[in-house]
Amino acid sequence: MCCNVPTFIKIVRYAVWSAIKNETRMAASLLRLHFHDCFVNGCDASILLEGGERNARPNRNSARGYEIIDAIKDSVEKACPSTVSCADILTLASRDAVLLTGGRYWPVALGRRDGLVANETAANTELPSPFENLGNITAKFIAKGLDLKDVVVLSGAHTLGFAQCITFKRRLFDFDGAGNPDPSLDQAMLSSLKTTCPNQDDSNSNLAPLDAVTTNKFDNVYYKNLLNNSGVLGSDQTLLSDNTAAALVLNFSKYPYLFSYEFSKSMIKMGNIGVLTGLDGQVRKNCKVVN
């Protein structure tokens, strides 16, 4: 472990706090970076390597926060040379991003090691897409040892952050292929999103908050939005297409502490996907390149 674990943990938390203070969106970005890392090759920081997964469709021009992890790594290397993996740093940073925006603390087991390869092909095929239905998304979760409950719980991370218009524009202008919007989308929400995302290519990278009510606060409002047909992404609103998932959405909308508790459990579960330990992998000196 780190030559001084409390110091290492303080370095990470202060860096995440500074990053969020500088730009509130960074909390969601760090959380997403960890999720996208764990779903490809396991939680091995392969997403941080130059090239590879960074260039995959789900990450290109959308994954953010690399420079925050790099800066943390530089600071940690000074305190504890060649001791703390980039994978541990990323896992802790995502926990602190939730904690510092109002979410619950959960323990993070340390000792992960970093992967040696990044897999762009796997990132293109194994990461859930905002265009997929619940069945497809759930299958991708099950392939990683997670389940339908984890889908509903971890989707709650969309209480933070923004989505690019290109990820949901079809719902606004051509949901059925005949020029009509998604009939399940609340009319006021539809009008608001059309203002942010006019039907032209140059609006594709415009941003809309995934939870416009409490955009920078980690809470359960995301689920209330879904019940009001105000989920921005089709992959969010599809949670109501299944009775079991819809019941979970309803419970989480009513009981914020239940959501926080289940979210911490699912994050621990996700953070243990395909972890490298012992002699597997390495502790990178620089998160961008293998030693």
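## A serine in a loop

Let's start with Ser 46, which sits in the loop between helix 2 and helix 3. Helices here are DSSP runs of H or I with at least four residues, strands are E runs of at least two, and both are numbered from the N terminus. Ser 46 has a relative accessible area of 0%, so it is buried. Buried means under 20% relative accessible area, exposed means over 50%, and partly exposed is in between, using a 1.4 Å probe and protein chains only. Leaving out residues up to four places away in sequence, Ser 46 touches Asp 37, Val 40, Asn 41, Glu 53, Val 117, Ala 118 and Arg 284; a contact means heavy atoms within 4.5 Å.

A quick word on the background: this is a predicted model, where local features need pLDDT of at least 70, side-chain atom pairs count only at pLDDT 80 or more, and totals for chains, interfaces and linings use all residues. Residues are numbered from 1 along each chain as its sequence is written, and side-chain values use heavy atoms, with hydrogens and water left out.

## The annotated binding site

Ser 46 also turns up in a UniProt record: an unreviewed entry places the feature "binding site" at Asp 37, Val 40, Gly 42, Asp 44, Ser 46 and Glu 53. These residues are spread over 17 residues of sequence, yet they cluster in space, with a largest C-alpha distance of 12.5 Å. UniProt positions follow the numbering used here, feature names are shortened, and annotations may be inferred rather than shown by experiment.

Gly 42 is in the loop between helix 2 (26-38) and helix 3 (66-79). Gly 42 counts as buried because its relative accessibility is 5%.

## Three disulfides

How many disulfides does a search of the whole structure find? There are three, each being a pair of cysteine sulfur atoms within 2.5 Å. One of them joins Cys 38 and Cys 43, with sulfur atoms 2.0 Å apart. That link is right-handed, with 120 degrees about the S-S bond.

Another pairs Cys 86 with Cys 287, their sulfur atoms 2.1 Å apart. Cys 86 lies in helix 4 (residues 86-99) and Cys 287 in the segment after helix 13 (256-270), so this pair ties together parts that are 201 residues apart in sequence. Cys 165 and Cys 197 form a disulfide too; the torsion about their S-S bond is about -70 degrees, so this disulfide is left-handed. Both Cys 165 and Cys 197 are buried.
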